[in-house]
Each structure stands twice: as structure tokens, then as C-alpha cells.
Amino acid sequence: MTDTVRNQNGSITPEPKNELVFVPKAELVHKQVQRLTDGRQLFAVTDENVQKLHPEILPEHNLFVLPAGEDGKTLASVQEICRAMLQTGMTRGCIVAAFGGGVVGDLAGFAASVYMRGVQFVNVPTTLLSQVDSAIGGKTGVNLDNFKNMIGSFHMPTHIVICPELLATLPQREWRCGMGELIKTAALCPELCDFVNGYIHKLVARDPFQVEKAVALAARFKKDITDNDPNEKGRRAILNFGHTVGHALEKCDNHKLSHGEYVLLGMHIELAMARGEFCYHQPFADRIDEWIRAVGLPPLPACSAEEVTAAAKADKKNENGNINVIGLIGAGMASTVPFSAKSFCERYEAATKNIVKGARNNV
């Protein structure tokens, strides 16, 4: 994907956007980012975890380190990044590089989109979730009053530098988080669906060879979707499968679980909520639920159906007073299912009864 830009001597040159760059070894990531900046000013953003685990990928200078976790995903953090950029002399010709997971990418990308009215951005995702999903496609943002990504912008990275070797240091819970977004993508991409169906247990076990293949398939699928619908006006909306309920639970539960864990719950519940609708197919729903069970369904937060419905009513994807969820009859065969608030509440309550019952039986 390229935009046409005019350089200083008046010639027309292509500017890359949303381009995937796969790097086999962590030790090569820093060199690749340097190559992409081509001598321009570089301002790097990371978090404490990446700084500790992967110092070899980070530049020595102009490095801003965030506290790890969702709590720092605020406008105040964006202001701190922009202030640090100003203090270190970053100009409109600089490049911001995010080294980290979804939170780092969202914050650094949003800062890049507003600093001096916008500077270029390179994303270097270090988690499974960010490599298969959040780093690709230019969505940036921060939370507002526990509502997920309520303030943000579309700002495409020029490049996404993906190194699956970085995933070896992820804790198991973060792996499950990333598997949530990988399963979501597999439900939407026929090629990845077939692959996950055959290798779900090896992916759960973190087999490096199969993980590398899955990451590449998922990243290329999302790139294709977002290249053709960068501002989510059409087909890109299918990427929200599991996210209406997932985001609502995340808000009601004060982010106690990771984002991908809420997506796992969201997919499981939304599939059950769509039962009986035009875009529901029992065998396909059963297949996705098998994958989710292989990964491990997180505990359902103790939030009432009314609380979840109230949170879902503020979802950015809603239209005409309805709450929209994504229904599926097969891999990639997705449609929007609109629910009134009353119907959503009733369907959610019915869909979660089995989860609650199962949790009680396991006590």
C-alpha cells in the first residue's frame, strides 16, 4: 500500500504504508529498524518488560519507557510521549517506532498521529496479539473511563517489523491472550482456519515452526483487509468478531484479564447469542469453541447482563440505536447482527448460563 508524496526537489515518490517486514532473528531487528529510518531522527517507545527482556532490539538514545500494562493507556501518557519528543528535538521529519505489545503500539501510534500534526510511525510488535492483529492496520488510541480505545485515530505505520523469535519470552497468560486474536482471525480467514484446525494443539504448545506460519498467515490477512478498508467503513468491521462483548466485559471488569482473554470470552458468548439468527452455523460455531477450549476459556467476570449491555451500548460499532455483533456461518462468511438493547441483554444472559453452570460444577 502506498500513498503518493512530493519530496523536496519536486519529484513524485511512493511512500510505503502498512508494509510487513519479517525478520528471522531478534538480533537483526535493530538493524532492520535503522535501515527503515534511513538516517532520519528516530524516537522509540517501549515498556519496562521489553526493555528488560529484549534490550538488543532497542536504540540507545531517544528511548521513552512506559510502565507495562493497560492502566497507562491514557491521554496523559500520550502527552508525556509528545513532551519527551519535543524535549529531544524531534521534528516533523522524525519517525516514531513502537517496540512492544498492543498498549505500546496504540500509545506510540497515537502520539505519532498528533505530534506536530502527524509524523511517520514504525511498529515493532513483540507479543503474539500484536504480531497477528493490533500492530497492523493503523488503529491507535487510548481508553476513556475504562471504555476501550474511545479516543484515537487511524494512522498507518509505514512498516510493521515482525520477528516471531521475540515471542519465546512471553508468559503463558500473554500467549493465551494472543491466541484469542489468532482464533478470531482464523474464523475470518479460510486459509488460516484450515491451518489452525490442523495445528491448534501445536500452537497452544508454542511450537516455533507452526507459530511462525500462523503469524505470517494472520498478518498478511489483516494487511489485506486494512489496506482495502483503512478507516473501517466496510469489510474491516468483521475484524470486530468477539469484540462487542469482549470490550464490554473488559470495561465492566476493570481490565482484570488481558484483552485477548476477553476476546476469547467474547467470541464464545457472541456465537451463542447469534444462535437462531441468519448468520449462525452450528458445526462452525462448534469448531471455534473447540479451539477456544483448547486454549482455555477464562473465567467469566461477575458482571450482570444489565451492566454488560450498558457498556456495549457505548461501543463504537453500533448504529441506529442497535448493538452490533458479528455472526459467522463459515470462515470469512461474516455478517453484522443488530440487537436491540433488550434483546442483547436477554441473549447475553441466556448465552452465559452454561459458562456459569460449568464454573459451579468445577468448584
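Predicted model: local features only at pLDDT ≥ 70, side-chain atom pairs only at ≥ 80, totals over all residues.

Trainee: Which residues of α9 are the buried ones?

Mentor: His-243, Thr-244, Val-245, Gly-246, His-247, Ala-248, Leu-249 and Glu-250.

Trainee: And what follows α9?

Mentor: Asn-254, with a positive phi near 55°. Asn-254 sits in the loop between α9 (243-252) and α10 (259-273). It is not a glycine, yet its phi is positive.

Trainee: Is Asn-254 buried, exposed or partly exposed?

Mentor: Partly exposed, because its relative accessibility is 45%. Buried would need under 20%, exposed over 50%.

Trainee: Where does Asn-62 sit?

Mentor: In the loop between α2 (48-53) and β5 (63-66). Asn-62 is not a glycine either, and its phi is positive, about 55°. At 30% relative accessibility, Asn-62 counts as partly exposed.

Trainee: Buried or exposed, what about Cys-177?

Mentor: Buried, because its relative accessibility is 4%. Cys-252 is partly exposed, at 21%.

Trainee: On to α6. What is its end-to-end span, and what should it be?

Mentor: Helix α6 covers residues 172-188, so 17 residues. At 1.5 Å a residue, α6 should span 24 Å. Its end C-alpha atoms are 25 Å apart, which agrees.

Trainee: How many of the residues of α6 are buried?

Mentor: 13 of the 17, so α6 is largely enclosed by the rest of the structure.

Trainee: At what angle do α6 and α8 pack?

Mentor: About 55°, with the axes of α6 and α8 (residues 208-228) 10 Å apart. That makes α6 oblique to α8.

Trainee: Left-handed or right-handed, that crossing?

Mentor: The crossing of α6 and α8 is left-handed.

Trainee: Let's switch to strands. How many residues of β11 are buried?

Mentor: Seven of its eight. Strand β11 runs over residues 323-330 and is mostly covered.

Trainee: How many bridges join β11 to β12?

Mentor: Seven, and the two strands run antiparallel. Strand β12 takes in residues 333-339.

Trainee: Which residue in β12 is the bridge partner of Val-325?

Mentor: Val-337.

Trainee: And what is in the turn between β11 and β12?

Mentor: β11 and β12 form a hairpin with two residues between them. Gly-332 is in the turn, with a positive phi of about 85°.

Trainee: Side chains in a strand, where do they point?

Mentor: In a regular strand they alternate between the two faces of the sheet.

Trainee: Last one. Where is Ile-95?

Mentor: In strand β6 (residues 95-100). Ile-95 counts as buried, because its relative accessibility is 1%.

Trainee: And how many residues separate Ile-95 from Val-263?

Mentor: They are 168 residues apart in sequence. In space, Ile-95 and Val-263 are 32 Å apart, C-alpha to C-alpha.

Definitions and conventions
Residues numbered from 1 in each chain as written. Heavy atoms only, no water. Buried < 20%, exposed > 50% of the residue type's maximum accessible area, 1.4 Å probe, protein only. Helix = DSSP H or I, 4+ residues; strand = E, 2+ residues; numbered from the N terminus. Expected span 1.5 Å × (residues − 1). Pairing = 2+ DSSP bridges. Axes fitted to C-alpha atoms, helices over the stretch in contact; angles between N-to-C directions. Parallel < 35°, antiparallel > 145°, perpendicular 65-115°, else oblique. Left-handed = near helix turned anticlockwise from the far one by under 90°.
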